[in-house]
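Thanks for coming, everyone. Let me put the structure up, and then I will walk you through it.

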Amino acid sequence: MDLALPEFLAHAVALEQEAAERYLELADMMEAHRNDAVASVFRSMTRFSQLHWDAIKLRVGSITLPQLRSWEYRWRSPPEVGGEEGFDYMMESYNALKYARANELRALEFYRTVADKSSDAEVRRLAREFASEEAEHVAALDKWVAMTPRPSTTWQDDPDTLPPLV
Ligand code: ZN
């Protein structure tokens with residue numbers, strides 16, 4: 001995906017903002033269910049996303065960013081999970097962790113693709129840097145998934161991936 005710097009930065013800003021908001025929601029949800037361990041995982045992920053978001057905004061500086069459509073960066077649930085059911089479903093920390101992991105992986109793959117395909121050296125450099133941060137997030141969530149009991153209701157095929165971002 002050959003993105004110019006402003007398009008790339010617009011995606012990165014939107015992805016980090018979205019991640020920070022979703023993690024905050026997940027943290028509150030886990031806390032409401034007295035799952036303090038997983039709530040604190042999501043609180044630290046919120047903090048990392050906010051820090052990264054701030055760093056990217058500094059890099060943006062005075063560059064004018066294009067508007068994106070929300071489907072280009074919003075976090076997604078697996079197709080089987082929808083509406084009210086989706087909410088109950090996320091109460092299980094295993095499912096919430098898998099949901100976060102699938103979306104982190106989607107961001108990681110986006111950055112990797114850009115790092116491979118962009119014709120702009122600065123975009124490739126930033127994309128590589130962001131990909132390695134996302135890889136750390138995926139690895140951190142993997143550890144938690146491994147320590148979390150698998151509930152009786154999981155995603156049908158327990159998917160690890162979502163369709164690509166763009
Ligand atoms: Zn991340």
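**The overall fold**

Reading along the sequence, the protein chain runs α-α-α-α-α. That is five helices and zero strands. Keep in mind that this is a predicted model. The chain has 166 residues, and 49% of them count as buried.

**The zinc site**

Next, the metal. Which residues are the protein donors of the zinc ion? They are Glu104, through OE, Glu134, also through OE, and His137, through ND1. They lie 2.0 to 2.1 Å from the zinc ion. Along the chain, the spacing of these donors reads E-x29-E-x2-H. Take the pair Glu104 and His137, which links distant parts of the chain. Glu104 sits in helix H4, residues 93-117. His137 sits in helix H5, residues 121-147. Are Glu104 and His137 buried or exposed? Both are buried.

**The cores**

On to the inside. In soluble globular proteins, nonpolar side chains tend to be buried together. Here the largest nonpolar core has 27 residues. Which of them touch the most other members? Phe8, Leu9, Ile56, Phe110, Tyr111, Val114 and Phe130 do. Four helices each supply at least two residues of this core: H1 (5-32), H2 (36-60), H4 and H5. H1 gives the largest share, eight residues.

Start with Leu9. Not counting residues up to four places away in sequence, Leu9 touches Ile56, Arg59, Val60, Ile63, Leu65 and Leu126.

Then Phe130, in helix H5. Phe130 counts as buried because its relative accessible area is 3%, and the cut-off for buried is under 20%. Leaving aside neighbours within four places in sequence, Phe130 is in contact with Phe8, Ala12, His52, Ile56 and Tyr111. How far apart are Phe130 and Ile56? In sequence, 74 residues. In space, 9.8 Å, C-alpha to C-alpha.

**H2 against H5**

Now a helix pair. At what angle do H2 and H5 pack? The angle is about 175°, and their axes are 11 Å apart. So H2 is roughly antiparallel to H5, since angles over 145 degrees count that way.

Who meets whom? From H2 come Ala37, Val41, Phe42, Met45, Phe48, His52, Ile56 and Arg59. From H5 come Glu122, Leu126, Phe130, Glu133, Glu134, His137, Leu141 and Trp144. Two zinc donors, Glu134 and His137, are therefore part of this H2 and H5 contact as well. By class, the contact has 10 nonpolar, two polar and four charged residues.

H2 also holds Trp53. Setting aside neighbours within four places in sequence, Trp53 is in contact with Val13, Glu16 and Gln17. Trp53 and Gln17 are 36 residues apart in sequence. In space, their C-alpha atoms are 6.4 Å apart.

Where is Arg34? Arg34 is in the loop between H1 and H2. Most residues other than glycine have a negative phi. Arg34 is not a glycine, yet its phi is positive, about 60°. Arg34 is exposed, with a relative accessible area of 75%.

The other one is Pro149, in the segment after H5. Pro149 counts as exposed because its relative accessibility is 66%, and the cut-off for exposed is over 50%. Pro149 and Tyr94 are 55 residues apart in sequence. Their C-alpha atoms are 6.7 Å apart in space.

**To wrap up**

The chain has five helices and zero strands. The protein donors of the zinc ion are Glu104, Glu134 and His137. And H2 packs roughly antiparallel to H5.

Technical notes
Residues are numbered from 1 along each chain as its sequence is written. This is a predicted model: local features need pLDDT of at least 70, side-chain atom pairs count only at pLDDT 80 or more; totals for chains, interfaces and linings use all residues. Side-chain values use heavy atoms; hydrogens and water are left out. Donors are N, O and S atoms within 2.8 Å of the metal (3.2 Å for Na, K and Ca); water is not among the atoms, so sites may look incomplete. Buried means under 20% relative accessible area, exposed over 50%, partly exposed in between (1.4 Å probe, protein chains only). A nonpolar core is a set of buried Ala, Val, Leu, Ile, Met, Phe, Trp, Tyr and Cys residues joined through side-chain atoms within 4.5 Å. Contact means heavy atoms within 4.5 Å. Axes are lines fitted to C-alpha atoms, for helices over the stretch in contact, and angles run from 0 to 180 degrees between N-to-C directions. Angles under 35 degrees count as roughly parallel, over 145 as roughly antiparallel, 65 to 115 as roughly perpendicular and the rest as oblique. Ala, Val, Leu, Ile, Met, Phe, Trp, Tyr, Cys and Pro count as nonpolar, Asp, Glu, Lys and Arg as charged, and the others, Gly among them, as polar.
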